[in-house]
Amino acid sequence: MLGHHSEASLAAMQIGGALEWSIWSVFAAFEVGTIARVGRLVGAGDRAGARRVARLSLGMAIAIGLVLALATPLVLAALPLVATRVSDEAMSEARGYLGVTIAASPIVFVAATATATLQAGGDTRTPLLIGVGANIIHIALNRVLILGAFGIVPAMGARGAGISTAVTFAIEAVLATMALTSRARPVSLRAEGETSGTIREEASQLVRIGGPAFLERVLYHLGFMTYALIVTRLGDAAMAANQSLISVESICFLSADGFGVAAAALVAQKLGADKPDQARSAAWIAARYAVITLTSFGIGALLLRDVILPIFSDDPAVFVIGRSAMPVLAIAQPFMAMGVVLAQALRGAGKTRQALGVSLMGAVLVRLAATWLFTIVLGFGLVGVWLGSTTDWLVRAAILATLFRRRPGEPTRTEPEPLVQ
């Protein structure tokens, strides 16, 4: 819809969308600790402890979200300094989008935390149903707010997309939090009974697990923003084409992330139940299904590229550039599937330092060096950008697969023990 509003609106998401995702991902790093701790406690049968972690995590979500919302003017002021080779129209669209979405950070973080808590407790169906319902509304709002409707609502482009996004997260936050109030769930905010331990102790656990995850995301997204800035050197048409490809690949990435969430929750639960071998098996099963699924998606996208790409933009230049890079997108999918799922499994085991090391090697060092080589030095344009990211996923998948194959399972204790050495 943004592509049909204007090329600048679609190109703006290459700046605004990338910056938004980076900011939210970094500041939501504590969710890694939420999944690991809630899953462990559910696996160990400690419902009171799981409730304590859930309440603490939701409190942290609100607090961190409010701090970020207050920083919205600073984010908008820094935007021109980050992207210096972007057209004025695309910059204006990006500012309109971020001005809404960053201000909505408390709502976004509550939605994400409540959803992660449900998933860590083993309930993935409720978040699915909530997501389906909320995104039906999201699509309708996008149509009205991005492109205008009935001669009454003006076309707002990227700003309209931002408003639609904020409303969707608000719906998800309310419904997911309400779901957590049911006493019948493994994790319930309303469950009764004394809790063992203290909030301070649990906060310390979350920080211990979430600290390396925070650092990992800071480094990863610094690399990602630099990666995105390389794309801005190629012009608005390449930026719009890249955003089209990212939108296609997001279906694959989020599917892999879904398998990763399942892996993280099951790994945490099995380790909490002192079943490390089953934890490892769960990780490999999730990775295998993800590889099959994403490979199928990638092949389908490649075969249907002449149908898919015009959906995003009518500009012939955008189509030609996007079409040339689609084969690389397809090749990347099995490696991305393996990398995403096994990294999530590591985090579910509480092994965030190992995940940090893999991310530093792949997403920061390999991706930036490979992208610069293929795009700038060899002059492959947008194809080079996608070759760079594919090289990153290949390296990460190889390292993670090696880590998971090195030993069978290790025993667990009260404190998270290594699933992988």
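**Entry 1: charges over rings.** I began from the rule that a charge sits over a ring if NZ of Lys or CZ of Arg is within 6 Å of the ring centre and within 35 degrees of the ring normal. I note that the model I examined is predicted. I looked up Arg288 and found its charged end over the ring of Tyr289, 6.0 Å from the centre of that ring. I then turned to Trp393, where Arg396 lies over the face at 4.0 Å from the ring centre.

**Entry 2: aromatic pairs.** I recorded 2 aromatic pairs in the structure. Is Trp24 buried or exposed? I found a relative accessibility of 11%, so Trp24 counts as buried. Phe169, at 22%, counts as partly exposed. Phe374 and Phe380 form a stacked pair, with 6.3 Å from centre to centre and 15° between the planes. I listed Phe380 as partly exposed because its relative accessibility is 42%.

**Entry 3: nonpolar cores.** Which residues touch the most other members of the largest nonpolar core? I found Leu245, Leu382 and Trp386, in a core of 79 residues. Helix H2 (residues 7-27) gives the most to this core, namely 10 residues. Apart from this core I noted another, of 29 residues, including Ala256, Ala263, Ala283 and Ala349.

**Entry 4: Trp386.** I set aside the neighbours of Trp386 within four places in sequence and listed its remaining contacts: Asn242, Leu245, Ile246, Glu249, Ala325, Val328 and Leu329.

Terms used:
Residues are numbered from 1 along each chain as its sequence is written. This is a predicted model: local features need pLDDT of at least 70, side-chain atom pairs count only at pLDDT 80 or more; totals for chains, interfaces and linings use all residues. Side-chain values use heavy atoms; hydrogens and water are left out. A nonpolar core is a set of buried Ala, Val, Leu, Ile, Met, Phe, Trp, Tyr and Cys residues joined through side-chain atoms within 4.5 Å. Buried means under 20% relative accessible area, exposed over 50%, partly exposed in between (1.4 Å probe, protein chains only). Helices (H or I, at least four residues) and strands (E, at least two) are DSSP runs, numbered from the N terminus. Contact means heavy atoms within 4.5 Å. Rings of Phe, Tyr and Trp (its six-membered ring) pair if their centres lie within 6.5 Å; planes under 30 degrees apart count as stacked, over 60 as edge-to-face and the rest as tilted.
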